[in-house]
Amino acid sequence: MRSAPLADAPGIREPLHAPVAHLTRGGVIEGMHHGSLVVLGPGGEVRFALGDIEAACYPRSALKPVQAVAMVRAGLPLDGALLSLAMASHSGEERHLAGVRQILTLAGATEEDLGNVPDLPYDPAVRATWTRQGRPPSRLAQNCSGKHAAMLYTCTLAGWPRDTYLDPAHPLQRAIGEAVEELTGQRTAHVTVDGCGAPLFSISLHGLARAAARIATAAPGTAEHRVAEALRGHPEMASGAGRDVAELMRAVPGLITKDGFEGVQAAALPDGRAVAVKIADGADRARIPVTAAALAMAGADPRLLARFTEQPVTGGGLPLGAVRPVPALAAATAAPARA
């Protein structure tokens, strides 16, 4: 399904990250986060880049929409809330657990068939309730269980073996690898294992932004369009109540976005303007403010992004500062929106 030759794999090297966010306390810069980001225009051109957007990196869960595209192409019939759950880093809420059980039932599988690692729910409040109830870690509660259930369902429908579905040589994982290369437009630099146990493909930030743009702009009837519509229509199923990625999609019309561990986020608007962000030290507190600044640089309305532009810093219960993008980025969120 490739329409153009693939670019070479990104280089595996120490990324040349740059300062992207400051932590200020009482008017003094107390800390600094380095990272990289890229902003693409509607034609795929690089409008802005900071740091090292061509070095190999792990997109972690920000790649889940691409994995979902591959599964839909392979016959996964899910739509709407359950397809959103198939690309989730979910909070472990009851709606997420119920959805995973539903996908497993469709697959003729059980929780014991899941290959992800047992864990407690991701959301702190949900996890605290779970612990008070004396419930142990489970594969169902682990935040990637929706993806793993969808992988089992895809294998069932395709007639592929289920007990080896996480093997990089499995037909499902080969199909996902092909989709990663097609949508990013480049060869994969390396394949390792993600935290949940699934194969993890190393690409560049530039490639990750291209993939987000291609999903966001896909024509109706394509697997990419189904994935984009599931995210747009059910953002909380891909994350959870109050999660910043869900709130961001609710705030910006037509936006698709997905976060990943270690400070990664990709986002794209319906016309193909797209961004990808990597915070070098993996700090989650810098991820959303830098992503908001990048989206403003892409042309999203800064007024819609205002509440995402900083993370508060307190002392003694009082507000004393914030984690904000560096001035060169922060200026974008105060500028008039571009057409």
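Modeller: Start with charge: Lys and Arg count as positive and Asp and Glu as negative, while His and the chain ends are not counted. The place of a charge is NZ of Lys, CZ of Arg, CG of Asp or CD of Glu. On that basis the mean positions of the 32 positive and 32 negative charges of the chain are 2 Å apart.

Colleague: What kind of model is this, and which pLDDT limits apply?

Modeller: The model is predicted; local features need pLDDT of at least 70 and side-chain atom pairs pLDDT 80 or more, whereas totals for chains, interfaces and linings use all residues. Residues are numbered from 1 along each chain as its sequence is written, and side-chain values use heavy atoms, with hydrogens and water left out.

Colleague: What makes the radius of gyration agree with a compact globule?

Modeller: The radius is taken over C-alpha atoms, and the globule rule is 2.2 Å times the number of residues to the power 0.38. For 339 residues the rule gives a value near 20 Å, and the chain has 19 Å, so the two agree. The C-alpha trace spans about 60 × 55 × 35 Å along its principal axes.

Colleague: How many helices and strands does the chain have, and what counts as one?

Modeller: There are 12 helices and 10 strands. Helices (H or I, at least four residues) and strands (E, at least two) are DSSP runs, numbered from the N terminus.

Colleague: Why is Thr184 called buried?

Modeller: Buried means under 20% relative accessible area, exposed over 50%, and partly exposed in between, with a 1.4 Å probe and protein chains only. Thr184 has 0% relative accessibility, so Thr184 counts as buried. Of the 339 residues of the chain, 55% fall in the buried class.

Colleague: Which backbone oxygens does the side chain of Thr184 reach?

Modeller: Thr184 belongs to helix H6, residues 171-184. Its side chain reaches the backbone oxygen of Val180 at 2.6 Å and that of Gln186 at 3.4 Å. A polar contact is a pair of N or O atoms within 3.5 Å; within protein, one must be able to donate a hydrogen and the other to accept it, and residues adjacent in sequence count only if both atoms are side-chain atoms.

Colleague: Which residues does Thr184 touch beyond four places in sequence?

Modeller: Contact means heavy atoms within 4.5 Å. Thr184 touches Ile203, Gly207, Leu208, Arg210, Ala211 and Arg214, leaving aside residues up to four places away in sequence. Ala211 sits in helix H7, residues 205-216, and is buried because its relative accessibility is 1%.

Colleague: Which residues other than glycine have a positive phi, for instance near 65°?

Modeller: Glu262 is one of them, with phi near 65°. Arg60 is not a glycine either and has a positive phi of about 50°. Arg60 lies in the loop between strand E3 (46-50) and H1; at 17% relative accessibility Arg60 counts as buried. Glu262 lies in the loop between E6 and strand E7 (264-268), and with 41% it is partly exposed.

Colleague: What holds for Thr257: buried or exposed?

Modeller: Thr257 has a relative accessible area of 3%, so Thr257 is buried. The residue lies in strand E6, residues 256-260. Its side chain makes a polar contact of 2.8 Å with the side chain of Gln265 and reaches the backbone oxygen of Ala266 at 2.8 Å. Residues that Thr257 touches, not counting those up to four places away in sequence, include Leu231, Val245 and Leu248.

Colleague: Why is Thr164 called partly exposed?

Modeller: Its relative accessible area is 36%, so Thr164 is partly exposed. Thr164 lies in the loop between helix H5 (145-158) and H6.
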